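Reader: Hi! I'd like to chat through this model with you. Could you put it up on screen first?

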Amino acid sequence: MKTLKRLLPLTALLLIACPALAKEHLRLATTTSTENSGLLAELLPPFEQASNCQIDVIAVGTGKAIKLGETGDVDVVLVHARSKEDKFVADGFGIDRRDVMYNDFVILGPAADPAGIAGSKDAAAALGRIATAKAIFVSRGDDSGTHTREKQLWRAAGITPSGSWYLEAGRGMGEVITMATERGGYTLSDRGTYLAYKTKTDLKIAVEGDPGLFNPYGVIVINPQKHPHVKVGLAKKFLDYLTSKQGRDLITGFRRGGEQLFYVQQ
Amino acid sequence: MNYLIDSLLKALELIFSFDREVRMAVGTSLYTSGCATVLSGLAGIPIGLWLGTSRFLGRRLAITLLNTLMALPTVVVGLLLFGLFSRQGPLGPLGLLFTPLAMIAGQTVLATPIVANLVLAAVTGADERIIKTALTLGATRLQAARQLLREIRFGVMAAVIAGFGRVVAEVGVAMMLGGNIRNSTRTMTTAIALETSKGEFAFGLALGMILLGVALLVNLGLNLLQQR
């Protein structure tokens with residue numbers, strides 16, 4: 001018991017010190033859609049092996065990801081809210097923004113379709129009808145890229161959503177799809193996450209194909225002039241990889257349930 | 001009902017095939033909670049002993065404060081340390097946020113009041129004459145404290161294990177300070193939260209069962225020690 005007591009602090013110290021000696025880490029703040037869909041699990045390992053590094057993925061909403069970039073707690077952000085990205089770069093927090101890929105948003109709804117919007121191609125008008133019918137709508141409510149787009153669409157519809165039918169979940173895309181399924185409501189989702197959840201939800205695509213539902217993803221390196229500790233070299237290498245032929249092929253080749261989730265601009 | 005049974009079977013399969021993701025999450029959980037428990041023991045036991053054996057002005061206030069800290073919400077600790085460890089915060093240059101070290105720090109803050117409080121309770125419950133007798137017999141204060149510690153060792157052990165129980169089961173600090181990074185800071189509890197959000201019920205269930213198993217083992221161990 002006595003030797004044990006003497007050894008304990010030493011062991012604790014060793015245990016604490018060990019992980020610090022590991023290989024170089026790159027911190028990537030990204031959205032739940034890229035992580036939850038399984039894309040990153042295919043896209044990152046080839047780069048990690050080639051560059052002998054580890055990418056630490058922090059999957060949060062776009063709003064939080066950008067905040068983590070502003071405070072310098074990550075090296076790279078991969079997000080989808082063009083207006084926020086541009087402001088982020090304009091404010092001097094980010095450099096070298098590049099387009100990575102895109103998919104689109106869809107409005108999901110229950111098969112019963114209480115608002116009668118199935119098959120519509122006008123997202124704003126569809127939201128208008130949901131509001132008029134007071135059909136349940138689950139909002140991300142978390143300042144994510146999807147939430148930002150949803151608010152834009154409500155503005156386009158000229159409606160400030162409120163009332164017992166409008167549920168602000170404050171959670172990730174997957175949880176919101178689950179919540180909308182359980183409550184038999186509508187929600188706005190990126191297509192990638194929906195396809196990944198297709199077997200787990202009864203919701204169907206009610207609205208798609210509106211140009212206002214286009215969803216581009218951008219990647220930005222945190223400005224080393226604001227945060228000198230940012231690993232710019234490795235981060236730029238990562239951006240080069242994402243936009244390289246290898247990266248693009250992996251993105252377009254990624255399938256979930258036999259369907260393509262993300263596209264790259266030609 | 002089938003859904004639950006199917007998930008349960010799949011969970012068992014994941015556990016007994018030693019699935020890599022499950023293994024990593026279990027490892028990270030045990031590593032961070034283990035370190036935090038050791039540290040909170042090193043801090044909490046002396047605090048408990050001191051509060052239990054000394055008489056000074058403001059002691060009651062200190063004990064009330066300690067009791068309050070026992071109920072410290074994990075997300076509040078997470079929030080405070082997030083501000084401390086963020087690059088914008090005072091300890092920012094250390095780059096601790098989203099590392100296992102940050103989680104260990106947060107969990108230590110969570111567990112220390114519990115350990116201190118339960119040690120204090122054990123001291124209060126012990127025979128008052130232990131220290132007096134030891135002192136009369138010519139022991140120094142340190143030697144007397146050691147004698148007391150020997151007498152209340154089961155209480156101290158229970159205190160440390162209660163501290164471990166709190167940190168291994170909490171999700172707030174692990175999520176906010178660790179960031180749920182795969183292969184790095186993903187613990188059993190944050191993995192359960194993530195897998196549930198992804199709709200992977202079976203995976204979450206597997207981890208939940210392991211979590212219960214760990215708690216069971218720890219308590220069985222304590223039980224054995226107490227019977228000896």
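**A walk through two chains**

Author: Let's begin with N183(B), which sits in the loop between α9 (172-178) and α10 of chain B. Keep in mind that this is a predicted model.

Reader: Which loop of chain B holds F98(B)?

Author: F98(B) belongs to the loop between α4 (74-85) and α5 of chain B. Its phi is positive too, about 65°, although F98(B) is not a glycine.

Reader: Is F98(B) buried or exposed?

Author: Buried: F98(B) has 27 other C-beta atoms within 10 Å, and 20 or more is the cut-off for that label.

Reader: Let's switch to helix packing. At what angle do α10 and α11 of chain B pack?

Author: Helix α10(B), residues 188-197, and helix α11(B), residues 201-227, pack at about 155°, with their axes 8 Å apart. That angle makes α10(B) roughly antiparallel to α11(B), since anything over 145 degrees counts as such. α10(B) passes α11(B) in a left-handed crossing.

Reader: Which residues of α10(B) meet α11(B)?

Author: On the α10(B) side they are M188(B), A191(B), I192(B), E195(B) and T196(B). Their partners in α11(B) include F203(B), G204(B), L207(B) and L211(B). By class, the contact of α10(B) with α11(B) has 7 nonpolar, 3 polar and 1 charged residues.

Reader: Nice. How do α1(B) and α11(B) cross?

Author: The axes of α1(B), residues 2-16, and α11(B) come within 8 Å and cross at roughly 60°. So α1(B) is oblique to α11(B). The crossing of α1(B) past α11(B) is right-handed.

Reader: Who meets whom in α1(B) and α11(B)?

Author: From α1(B), S7(B), L8(B), K10(B), A11(B), L14(B) and I15(B) take part. They meet residues of α11(B) including F201(B), F203(B), L205(B), M209(B) and I210(B). The contact of α1(B) with α11(B) has 11 nonpolar, 1 polar and 1 charged residues.

Reader: Over to chain A, then. How many helices and strands does it have?

Author: Chain A has 11 helices and 11 strands. Of its 266 residues, 46% count as buried.

Reader: Which residues are buried in α3(A)?

Author: L39(A), L43(A), L44(A) and F47(A) are buried in α3(A). The buried residues of α3(A) pack against α2 (32-36), β2 (53-59), α10 (232-242) and α11 (245-253) of chain A.

Reader: Last one: what follows α3(A)?

Author: N52(A) follows α3(A), and its phi is positive, near 45°.

Key:
Residues numbered from 1 in each chain as written. Chains lettered and ligands numbered in written order. Predicted model: local features only at pLDDT ≥ 70, side-chain atom pairs only at ≥ 80, totals over all residues. Buried ≥ 20, exposed ≤ 12 C-beta atoms within 10 Å, placed from the backbone. Helix = DSSP H or I, 4+ residues; strand = E, 2+ residues; numbered from the N terminus. Contact = placed C-beta atoms within 7 Å. Axes fitted to C-alpha atoms, helices over the stretch in contact; angles between N-to-C directions. Parallel < 35°, antiparallel > 145°, perpendicular 65-115°, else oblique. Left-handed = near helix turned anticlockwise from the far one by under 90°. Nonpolar A, V, L, I, M, F, W, Y, C, P; charged D, E, K, R; others polar.
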